[in-house]
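Hello,

Here is the structure I said I would pass on. My notes follow below it.

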Amino acid sequence: MMAPIPALRLEGIVKTFPGVRALDGVSFEVLPGEVHALLGENGAGKSTLMKTLAGMHQPNEGRIFIEENEVVMRTPLEAKAKGVVLIHQELSLAEEMSAAENIYLGELPTKSFGRVDWKTLYAKAGEILKRLNCKFGPQTRVSDLSIANKQMVEIARALTVNAKAVIFDEPTASLTDAEKVVLFDIIRDLKARGVGIVYISHRMEEIFTISDRISVLRDGTYRGTLVTAETSEDEVTQLMIGRSLDLSRNEAQVEFGDVALEVRGLSCGSLYRDITFNVRSGEVVGFYGLVGAGRTEIAETLFGLRTPSAGTILLEGKEVRISSPVDAIANGISLVPESRKEQGLVLGMNCRDNITLPQVDDLTAGPFVSDGAELAIFEQYRDRLEIKTPSWRQAVGNLSGGNQQKIVIGKWLAMRPNVLIVDEPTRGIDVGSKAEIHNLIRELARSGYAVIVISSEMPEVLHVSDRVIAMYSGEIIREFTAAEVTEDNLVQAISGIRADKVA
Amino acid sequence: MADPRLKSIGDLLARQGILIAFAIFLVGFAVFSDRFLTPENLETVIRQAAIIGVMAIGVTVVVIGGNLDLSVGSMLSFSTVLVVDLHDKIGPELAIVVMLAATLVLGAINGFLVGVARLNSLIVTLGMLSAIQGLTLIYTGGKNVDILDQETTWFAIFGRGHILGIATPILMFLGLALFMHVVMAYTPFGRRVYAVGGNPTAAVFSGIRRSRLVFSTYLISAFTTGLAALILGSRVMGSQNNVGQGYELLVLAGVILGGTSLLGGSGNILKTVIGVLILGFIQNGLLLMGFPYYAQWLVTWVVIILAVWLDIAAKRGRLLSPIA
């Protein structure tokens, strides 16, 4: 049998940026009706490759073929016209417009005098949304949609053209499990209609559920392609990071120190109620719950960003008042926030200055910031956390997600806190960096920090925590020791199901 | 595919475009006018640019912190009128103290509304622009003010005098620029201004008191405007009550020409100095070449648009945005 013609094929793609060879001779193909997963650590070149495919970057060398015809794609629009569509991780919709307008944005059907033909627009958009099993109408305003439904609008947009290849970049990053199922149905449907699909994700179980083949990038080079049915997570991981990972459960075998942080009856309006817990030094306490369960709000209260309506906070047995981040820092509390780009980093600022920002007042020689003191701190945490950057002068915005996260962690470790709160430590980070950050969190606890980890990922919570606190709708439902906690009882707890009601 | 040589020219433009433009202007005017490069003329240009330059230094700090200050024009009117009027009434020393204090109060109002109340800086300072003009007119009752004893007062030192053989306005302009450059580039305060301008949320999450910091940037721009009023009042020895009208735009033009991003978080005091000098040299060069003075308005605008465009184009590697 003749081999099918690839929907999209890349040959020897080289892309360099000043000081970096982001892609070094990468070849890759996706067949029609195939889901081809693309894997690699952050910084391995996935984003660059995708942007090259979607016409956002021009390769320095190499060729791109669509159905074996060589093409040059200078803009995303041109790429779309040729049948290559990228579904972004960060959605790019006009929030104040209807779903239909977004789907046909730029090519709205018109009547005479350039007036929009609303009837046709809504009819055509409605048809596409129906095909995607969407429960909302074409006239719904995008700002009223959930993130999952917004993603559906993006996908609907892709379907307006005769797409030959659709690239999904981390599509499930903000989806619930039920929404994921719908997305996978759509992907299978696209597949059945002969579209080639490139699927990028860090979540191994998804890749094994949905993909036919897996290609791996490391350090900008192509490392090989595996047939999904014939490989294992282990093999893929090894190809990706060049070693295997230890994802074992956390065995609580250590003696903890004194209680470093104690919270009694803390409440904050409708956000959370009557929160009582403690963290000992040397211990990792995991907070698990759905988004909106009040976990982040507790962290923000401890860091002085919210004022509690009731309750007390004690540090090493002494009651403290924390009414601003300045107070929290002075009391030895550090917070690695949920969103590194919005809350954690000044993206345009260099690596060194980001790390030293909270303590720049103390790093002075006379009235001036001491270059030497700053560099010493930067180098210490660069080495300790293995942050990969060409130099301290690099703007943080140019680093990969994993390295950005390490900069935020480094910034707060450098404050030598007593209590370290880490909110979603590995969101949007690849498995290799994830494991590194998990190990780091445990190491930190072992060296005497009291650590709180807030996470929506169950394996993460199970892996790093000595104790797990399950939250549902602003309340602590149950506290588990590492020995007690299982996936089942954790799921029950965070769904609001009390153990006694489940037979 | 981009030609790598073009790319490196783009990089050079992106980084040093303002210096290159500066050099081109100097050479261009020197070719067309033999009076242009004389020391006397150069001194005149820098002295005349000093008022806008001193103000632009303060405004650069505000802009790096992520805000705008459009009130400096009418603040200049107010402060100049005040110091000139009080000169004969309470003596130059007290007049200067009262004027600087009053100017700082105006800056504090800006700082409170933008920094503490978190109102949009464009609206606040645009409102203050007209409010302060009104205040000035109420103070003078619409009359212009002047200093009677212009020959013997030591107040003349700021606008007309020389220190160590250098015209005082030039000394104040360049001295202040150097001082502020050091503050912004090498002190914790400067670092915090860049951080707040670059990402206010992350700055708060890093334990920076954002309100207080934004407040202080407006005090700085009010203070530099007060210094500019000293130079202006002393040079003219009198003041119309709308003398600073339009200065806010020239000041902002100098800041933008210097490459400071209006989005905040980046910028450089010394480049603002060059931006202001370019404006000054364009004005002077056009006059020497025989153009009417109002030609400068047109040319200034063209230069600013070109500067901003080249800056953006060099950053994205092409002239027009790839996203249609």
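Predicted model: local features only at pLDDT ≥ 70, side-chain atom pairs only at ≥ 80, totals over all residues.

In chain A, A:F287 stands opposite A:I469 of β21(A).

β19(A) has a parallel partner in strand β16 (residues 333-336) of chain A, with four bridges between them. It also pairs in the parallel sense with strand β20 (residues 450-455) of chain A, over five bridges. A:V419 takes part in both pairings: it is the bridge partner of A:I333, and its own bridge partner in β20(A) is A:A450.

How much of β19(A) is covered? Five of its five residues are buried. In a regular strand the side chains alternate between the two faces of the sheet. In β19(A), A:V419, A:I421 and A:D423 point one way, while A:L420 and A:V422 point the other way, and all are buried.

The loop between β19 (419-423) and α15 (431-446) of chain A contains A:D430. This aspartate is buried, with a relative accessible area of 0%. A:M240 is 190 residues away from A:D430 along the chain, yet their C-alpha atoms are separated by 9.9 Å.

**Helix α9(A)**

Helix α9 (residues 295-302) of chain A is largely enclosed by the rest of the structure, because eight of its eight residues are buried. They are A:R295, A:T296, A:E297, A:I298, A:A299, A:E300, A:T301 and A:L302. Just after α9(A), A:G304 takes a positive phi of about 80 degrees.

**The other six-stranded sheet in chain A**

Another open sheet of six strands in chain A has the order β6-β7-β8-β3-β9-β10, again with mixed pairing. β6 (84-87) and β10 (221-227) of chain A are its edge strands, each pairing on one side only. From one strand to the next the twist averages 20 degrees.

Within this sheet, strand β3 (residues 35-40) of chain A runs parallel to strand β8 (residues 196-200) of chain A, and four bridges join them. A:A37 stands opposite A:Y199 in β8(A). Helix α1 (residues 46-53) of chain A lies across β3, β6, β7 (165-169), β8 and β9 (213-218) of chain A, and it runs at about 140 degrees to β3(A).

**Helix pairs in chain B**

For chain B I have two helix contacts to report.

Helix α4 (residues 92-116) and helix α10 (residues 210-236) of chain B have axes that come within 7 Å and cross at roughly 150 degrees. α4(B) and α10(B) are therefore roughly antiparallel to each other. The crossing of α4(B) past α10(B) is right-handed. By class, their contact has 17 nonpolar, seven polar and no charged residues.

The axes of helix α7 (residues 168-186) and helix α8 (residues 188-198) of chain B come within 5 Å and cross at roughly 70 degrees. That makes α7(B) roughly perpendicular to α8(B). On the α7(B) side the contact is made by B:V183, B:M184 and B:Y186, and on the α8(B) side by B:P188, B:F189, B:G190, B:R191, B:V193 and B:Y194. These residues divide into seven nonpolar, one polar and one charged.

Regards

Conventions
Residues numbered from 1 in each chain as written. Chains lettered and ligands numbered in written order. Heavy atoms only, no water. Pairing = 2+ DSSP bridges. Axes fitted to C-alpha atoms, helices over the stretch in contact; angles between N-to-C directions. Contact = heavy atoms within 4.5 Å. Parallel < 35°, antiparallel > 145°, perpendicular 65-115°, else oblique. Left-handed = near helix turned anticlockwise from the far one by under 90°. Nonpolar A, V, L, I, M, F, W, Y, C, P; charged D, E, K, R; others polar. Buried < 20%, exposed > 50% of the residue type's maximum accessible area, 1.4 Å probe, protein only.
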